[in-house]
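Here are my notes for you on this one, written as numbered points. Keep the structure open while you read, and look up each residue as it comes along.

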Amino acid sequence: MSEAAAGSKRFDVRQTLAANPAAVLTGVFIALFIATDIVNRAQSGEAFLTGHQLSTTFLYAAILGLMAAGQTLVMLTGGVDLSVATTATASAFMISSFARDGTVTAILIALAVGLGIGLVNGIGVAIFRVNALIMTLGVSTVTLGALTVYSQKRFLSQAPSFVVTLGSERFATYIPYDLLVWAPISALIILGLRYSGFGRMIYAVGDNPVATRLAGVRNWQVLLTVYALCGLLSAAAGILLVGFNNAADLGIAAPFLLPSVAAVVIGGTSIFGGIGGYAGTILGALILTLLDSLLTILNASQAVRQILYGLIVLVLAAIYARTAAAAE
């Protein structure tokens, strides 16, 4: 075989992988599941590759998946939201604070707080044109400080039984209740991004904001809506998280910040905007949840996990940068 033919074949392989990212990520998920099973058998003598463990993976991935859903929408516009974890924490606080006022009231207040934080981020980024990194980091810091003061003055009770059931229990033996929240939201985001006019505008703004503005699109409205949705989705994740833990504290959602970015990047969404989608993010969330299980089996510290997530983001960001440069 000639060198040119070999080069052509290698190019075709790369092209095939690029054209089928879902297949590649599914293969990684399966391989990681098998690897985790092998390590668990070596460590404890018990199988990890069971229906219960698969169910647990989806149960916990739903929380990360919802947080990463908002992050996906924001990153498709070329931004990033560093307040998703704090927003989820605020939502968890509202559930615990207003549990005695009724489950519906507590959930509505939690979602309203998440939406409010998202709107503040959106106003700063879309209208006042503050850098997304700075704006969301600042809002996150202010929110965390407010929650610290709030926790000293407001009694936090356990989550309502309905929220606990939704966030931690299963039906039909293996199906987590939180999939009843995650699945329809996932379908709505995937279909909305692919087939709706608003979805196409998100991609367009992320790809070339100047061109969209010249075409008559009000970019600020798209950005404001995207950040508001991110806050709302983060609040939904916080509701599931407090149901999973049955208690709220200031650090309840902190471990999800880096993974929420890593899941989006693993799923193929470019940090420069305009390329990607939520289907890949779902697989990214599942992969990271399995990776977390593997690290738990290996007794890895939280610091080691954060380092690993950071390296994943850095390596994939470098790959996207090289790809973008080559395309130019």
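1. A term to start with: buried means under 20% relative accessible area, exposed means over 50%, and partly exposed is in between (1.4 Å probe, protein chains only). With that in hand, look at arginine 129, which counts as exposed because its relative accessibility is 71%. Arginine 129 sits in the loop between α5 (103-127) and α6. Arginine 129 also has a positive phi of about 60 degrees, although it is not a glycine.

2. Some housekeeping before we go on. This is a predicted model, where local features need pLDDT of at least 70 and side-chain atom pairs count only at pLDDT 80 or more, while totals for chains, interfaces and linings use all residues. Residues are numbered from 1 along each chain as its sequence is written, and side-chain values use heavy atoms, with hydrogens and water left out. As for the helix names, helices (H or I, at least four residues) and strands (E, at least two) are DSSP runs, numbered from the N terminus.

3. Most residues other than glycine have a negative phi. You'll find asparagine 299 in the loop between α13 and α14 (302-327). Asparagine 299 is exposed, with a relative accessible area of 68%.

4. Now to helix packing. Two packed helices are described by the angle between their axes and the distance between the axes. Axes here are lines fitted to C-alpha atoms, for helices over the stretch in contact, and angles run from 0 to 180 degrees between N-to-C directions. Take helix α4 (residues 84-97) and helix α6 (residues 132-153): their axes come within 9 Å and cross at roughly 25 degrees. So α4 and α6 are roughly parallel to each other (under 35 degrees counts as roughly parallel, over 145 as roughly antiparallel, 65 to 115 as roughly perpendicular and the rest as oblique). The crossing of α4 past α6 is left-handed, meaning that the near helix is turned anticlockwise from the far one by less than a right angle; clockwise would be right-handed.

5. Who meets whom there? Contact means heavy atoms within 4.5 Å. On the α4 side you have Thr86, Thr89, Ala90, Phe93, Met94 and Ser97, and they meet Ser140, Thr143, Leu144, Leu147, Tyr150 and Ser151 in α6. The residues of this contact divide into 6 nonpolar, 6 polar and no charged. For that count, Ala, Val, Leu, Ile, Met, Phe, Trp, Tyr, Cys and Pro are nonpolar, Asp, Glu, Lys and Arg are charged, and the others, Gly among them, are polar.

6. Stay in α6 for a moment and find glycine 145. Glycine 145 counts as partly exposed, at 32% relative accessibility. From glycine 145 to leucine 233 it is 88 residues in sequence and 22 Å in space, C-alpha to C-alpha.

7. The α3/α13 crossing is right-handed. The residues of this contact divide into 12 nonpolar, 5 polar and 1 charged.

8. Buried or exposed? Threonine 72 counts as buried, at 0% relative accessibility. Not counting residues up to four places away in sequence, threonine 72 touches Val264, Thr269, Gly277, Tyr278 and Thr281.

9. α13 has another partner to look at, α2. The axes of α2 and α13 come within 10 Å and cross at roughly 15 degrees, so α2 is roughly parallel to α13. α2 passes α13 in a left-handed crossing. The residues of the α2 and α13 contact divide into 14 nonpolar, 5 polar and no charged.

10. Last, the core. A nonpolar core is a set of buried Ala, Val, Leu, Ile, Met, Phe, Trp, Tyr and Cys residues joined through side-chain atoms within 4.5 Å. The largest one has 86 residues, and Ile95 and Leu288 have the most contacts inside it. Helix α11 (residues 219-245) gives the most to this core, with 13 residues. Leaving out residues up to four places away in sequence, isoleucine 95 touches Ala106, Ile107, Ala110, Ala159, Pro160, Val163, Ile239 and Val242.
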